[in-house]
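Work through the exercises below with the sequence and the coordinates open. Each task is followed by its solution.

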Amino acid sequence: MIRKIKLPPPCFDFLHAELLSAENGRAVVRFVPTEQMENPYGTIQGGIIAGMLDNVFGPAVVSAAPSNRSTTVQMSVNYLRSVKAGEPIIGTAEVVKLGRTQVLIEARMERESDGELLVRATATNLIRE
């Protein structure tokens with residue numbers, strides 16, 4: 001059974017995310033991290049940030065290839081600065097290469113207040129039949 005693609009996806013609620021735009025292989029998403037997402041050191045846990053990134057990659061891919069389904073098969077994340085609860089961040093992803101079976105995507109996350117670069121990432125998505 002093929003399910004309809006949900007944009008934004010239901011997990012946006014958990015991530016306190018807002019899809020700002022998704023067109024022509026580029027997506028912009030705003031996140032507002034909460035204290036429930038913190039690690040023991042009082043910053044946002046890396047896996048949560050990776051989940052946020054995956055939710056920027058997805059809309060970028062869908063906007064580039066709306067008739068195809070894809071799934072992330074590889075993600076590389078560079079954490080450059082801490083992300084803190086209550087500080088809105090903007091995630092931007094862009095499809096670098098849309099192939100027949102794979103998609104290469106790059107993303108960055110910046111603090112909304114000052115544009116400070118917090119995270120850089122790349123992902124490879126597999127296009128599914």
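The exercises treat a predicted model and cover its core, strand pairing, backbone angles and pocket.

**Exercise 1. The core**

Find the largest nonpolar core, and state which element supplies the largest share of this core.

Solution. 
1. The largest nonpolar core holds 29 residues. Those with the most contacts inside it are Phe31, Met52, Leu53, Phe57, Ile105 and Met109.
2. At least two residues of this core come from each of strand S2 (26–31), helix H1 (46–64), strand S4 (89–98), strand S5 (102–111) and strand S6 (117–128).
3. H1 gives the largest share, eight residues.

**Exercise 2. Around Phe57**

Which residues are in contact with Phe57, leaving aside its neighbours within four places in sequence?

Solution. 
1. Set aside the neighbours of Phe57 within four places in sequence.
2. The contacts of Phe57 are then Met75, Ala93, Ile105, Glu106, Ala107, Ala121, Thr122 and Ala123.

**Exercise 3. Pairing of S2**

Describe how S2 pairs with S1 and with S4.

Solution. 
1. Strand S1 (residues 17–23) is antiparallel to S2, with six bridges between them. Ala22 has Ala27 in S2 as its bridge partner.
2. S1 and S2 make a hairpin, with two residues between the strands.
3. S2 and S4 also run antiparallel and are joined by six bridges. Here Val29 is opposite Gly91 in S4.

**Exercise 4. Positive phi**

Locate His16 and Asn24, then give the phi and the exposure class of each residue.

Solution. 
1. As background, most residues other than glycine have a negative phi.
2. His16 lies in the segment before S1. Its phi is positive, about 50°, although His16 is not a glycine.
3. Asn24 sits in the loop between S1 and S2, and its phi is positive, near 50°.
4. With a relative accessible area of 74%, Asn24 is exposed, the cut-off being over 50%.

**Exercise 5. The largest pocket**

Solution. 
1. The largest share, six residues, is from H1.

Methods: Residues are numbered from 1 along each chain as its sequence is written. This is a predicted model: local features need pLDDT of at least 70, side-chain atom pairs count only at pLDDT 80 or more; totals for chains, interfaces and linings use all residues. Side-chain values use heavy atoms; hydrogens and water are left out. A nonpolar core is a set of buried Ala, Val, Leu, Ile, Met, Phe, Trp, Tyr and Cys residues joined through side-chain atoms within 4.5 Å. Buried means under 20% relative accessible area, exposed over 50%, partly exposed in between (1.4 Å probe, protein chains only). Helices (H or I, at least four residues) and strands (E, at least two) are DSSP runs, numbered from the N terminus. Contact means heavy atoms within 4.5 Å. Two strands pair if DSSP finds at least two bridges between them.
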